[in-house]
Amino acid sequence: MLLYLCKFLNFFSLRWIHRLGCLLGYIAYLIDTKSNRIARNNILQSGLCDTPQQAHALMKTSRLEAGKAIVETFFIWGQPQSTLLPLVKQVYGWEDVLQA
């Protein structure tokens with residue numbers, strides 16, 4: 001089923017992939033209040049933000065960006081290898097992969 005999702009996403013442009021990802025991230029933000037609270041508290045403890053309002057905004061942005069990353073990953077997985085290989089410019093540590 002995951003393969004079909006990846007192939008289905010190939011019909012969309014990157015702009016629409018990001019929109020779908022934002023939608024997914026926003027739904028996760030609305031539904032998963034426990035993770036929101038944990039993320040907000042972690043942001044506050046890290047000192048990245050001075051106020052709870054700033055931490056909330058950063059947490060919400062983080063959830064939206066995570067949704068975009070997830071959908072974009074599925075989009076990439078559905079691309080044919082011939083499309084992706086020309087995008088690879090350099091590989092580091094391939095000898096470690098071959099040894100494993």
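## Helix packing and salt bridges

Student: Lys68: buried or exposed?
Tutor: Lys68 is buried, at a relative accessible area of 17%. The cut-off for buried is under 20%, so 17% qualifies. Keep in mind that this is a predicted model.

Student: What does the side chain of Lys68 meet in a salt bridge?
Tutor: Glu65. The N to O distance is 3.3 Å.

Student: How far apart are Glu65 and Lys68 along helix H4?
Tutor: They are 3 residues apart, which means about one helical turn between them. In general, an α-helix has 3.6 residues a turn, so residues three or four places apart point the same way.

Student: And how accessible is Glu65?
Tutor: Glu65 is partly exposed, at 40% relative accessibility.

Student: How many salt bridges does the count come to?
Tutor: The count comes to 2. Besides Glu65 with Lys68, there is Asp32 with Arg63. For Asp32 and Arg63, the closest N and O atoms are 4.0 Å apart.

Student: What does the pair Asp32 and Arg63 tie together?
Tutor: Parts that are 31 residues apart in sequence. Asp32 sits in the loop between H2 and H3, while Arg63 belongs to helix H4, so the pair links that loop to H4.

Student: Which of the two counts as buried?
Tutor: Arg63, at 17% relative accessibility. Asp32 counts as partly exposed, at 30%.

Student: Switching to H2. What should its residues span, and what do the end C-alpha atoms give?
Tutor: Helix H2 covers residues 14-31, which is 18 residues.

Student: Which residues in H2 are buried?
Tutor: Ile17, Gly21, Gly25 and Tyr29. Seen down the axis of H2, the buried residues fall within an arc of 115 degrees, so they line one face of the helix.

Student: What's exposed on the other side of H2?
Tutor: Arg15 and Ile31 are exposed there.

Student: What do the buried residues of H2 pack against?
Tutor: Three helices are involved: H1 (2-9), H3 and H4 (52-77).

Student: Take Gly25. What is it in contact with, beyond its neighbours within four places in sequence?
Tutor: Arg63, Leu64 and Gly67. Gly25 is in helix H2 and is buried, with a relative accessible area of 2%.

Student: How far is Gly25 from Ser62 in space, C-alpha to C-alpha?
Tutor: 8.5 Å. In sequence, Gly25 and Ser62 are 37 residues apart.

Student: Arg63 comes up again. Where does Asn36 lie, and what is it in contact with?
Tutor: Asn36 lies in helix H3, residues 33-46. Leaving aside neighbours within four places in sequence, Asn36 is in contact with Tyr29, Met59 and Arg63. Arg63 also contacts Gly25 and forms the salt bridge with Asp32.

Student: Is Asn36 buried or exposed?
Tutor: Asn36 is buried, at 6% relative accessible area.

Student: Now the surface. Which residues form the nonpolar patch?
Tutor: Leu2, Leu5, Phe8, Phe11, Ile76 and Trp77. Together they have about 670 Å² of accessible area.

Student: Which helix gives the largest share of the nonpolar patch?
Tutor: H1, with 3 residues. H1 and H4 each supply at least two.

Student: Where is Ile76, and how accessible?
Tutor: Ile76 is in helix H4. At 38% relative accessibility, it counts as partly exposed.

Note on methods. Residues numbered from 1 in each chain as written. Predicted model: local features only at pLDDT ≥ 70, side-chain atom pairs only at ≥ 80, totals over all residues. Heavy atoms only, no water. Helix = DSSP H or I, 4+ residues; strand = E, 2+ residues; numbered from the N terminus. Buried < 20%, exposed > 50% of the residue type's maximum accessible area, 1.4 Å probe, protein only. Contact = heavy atoms within 4.5 Å. Expected span 1.5 Å × (residues − 1). Arc of directions from axis to C-beta. Patch = residues over 30% accessible without salt bridge, like charges linked within 9 Å, V, L, I, M, F, W, Y side chains within 5 Å. Areas by Shrake-Rupley, 256 points an atom, 1.4 Å probe, with all protein chains shown as cover.
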